[in-house]
Amino acid sequence: QVQLVESGGGLVQPGGSLRLSCAASGLIFNIYTMGWYRQAPGKQRALVATITNGGNTIYADSVKGRFTISRDNAKNTVYLQMNSLKPEDTAVYYCHVKVMGMTYWGQGTQVTVSS
């Protein structure tokens, strides 16, 4: 079974930083895209950032320049460094893996940005 274990969420003040981690296990294939999506109450789940095995990245316009996605292939782990956080970033953040046309999701970790 594929399992995605997320960590790093929490409560921070505007302008603060958090780093999310997602460790994947049970993946048979070694070529896959990992990323982060987020969902705020009453809103649809939206892409935050993705990264391929080769390191190609995609960011939502709302987080460009503030968030950085990276991965450690040896550890099958993807990270999301979030800086200059805004209240609008408040959401449940979900780790995402896409491999061979299949999609897997983490359980979600809450990020709250509030003063």
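This is a predicted model: local features need pLDDT of at least 70, side-chain atom pairs count only at pLDDT 80 or more; totals for chains, interfaces and linings use all residues.
A residue counts as buried here when its relative accessible area is under 20%.

Four strands make up an open sheet, arranged in the order β1-β3-β8-β7 with antiparallel pairing. At its edges lie β1 and β7 (67-72), each of which pairs on one side only. From one strand to the next, the twist averages 15°. If you follow β7 to its neighbour, strand β8 (residues 77-82), you will find the two joined in the antiparallel sense over six bridges. One example to look up is F67, whose bridge partner in β8 is M82.

Now turn to the charged side chains. Side chains of opposite charge can pair when their charged atoms come close. How many salt bridges does the structure hold? There are three. In one of them, D89 pairs with R38, and the closest N and O atoms are 2.9 Å apart. This pair brings together distant parts of the chain, with D89 in the loop between β8 and β9 (91-99) and R38 in strand β4 (residues 33-39), 51 residues apart. R38 has a relative accessibility of 13% and therefore counts as buried, and D89 is buried too, with a relative accessible area of 1%.

D89 also forms a salt bridge with R66, where the closest N and O atoms are 2.8 Å apart. Here again distant parts of the chain are linked: R66 sits in the loop between β6 (57-59) and β7, 23 residues from D89. At 10% relative accessibility, R66 counts as buried. Taken together, R38, R66 and D89 are linked in a network of salt bridges.

The remaining pair is D61 with K64, whose closest N and O atoms are 3.1 Å apart. Are these two residues buried or exposed? Both D61 and K64 are exposed.

E6 is buried yet has no salt bridge, and the nearest side chain of opposite charge, R45, is 8.0 Å away. What does the side chain of E6 reach instead? A polar atom of the E6 side chain lies 2.4 Å from the backbone nitrogen of C95, and the side chain also reaches the backbone nitrogen of T109 at 3.1 Å. Beyond its own stretch of sequence, E6 touches residues including S21, C22, W36, Y93 and G106.

Terms used. Residues are numbered from 1 along each chain as its sequence is written. Side-chain values use heavy atoms; hydrogens and water are left out. Buried means under 20% relative accessible area, exposed over 50%, partly exposed in between (1.4 Å probe, protein chains only). Lys and Arg count as positive and Asp and Glu as negative; His and the chain ends are not counted. A salt bridge is a side-chain nitrogen of Lys or Arg within 4 Å of a carboxyl oxygen of Asp or Glu. A polar contact is a pair of N or O atoms within 3.5 Å; within protein, one must be able to donate a hydrogen and the other to accept it, and residues adjacent in sequence count only if both atoms are side-chain atoms. Contact means heavy atoms within 4.5 Å. Two strands pair if DSSP finds at least two bridges between them. Axes are lines fitted to C-alpha atoms, for helices over the stretch in contact, and angles run from 0 to 180 degrees between N-to-C directions. Lists of a residue's contacts leave out its neighbours within four places in sequence.
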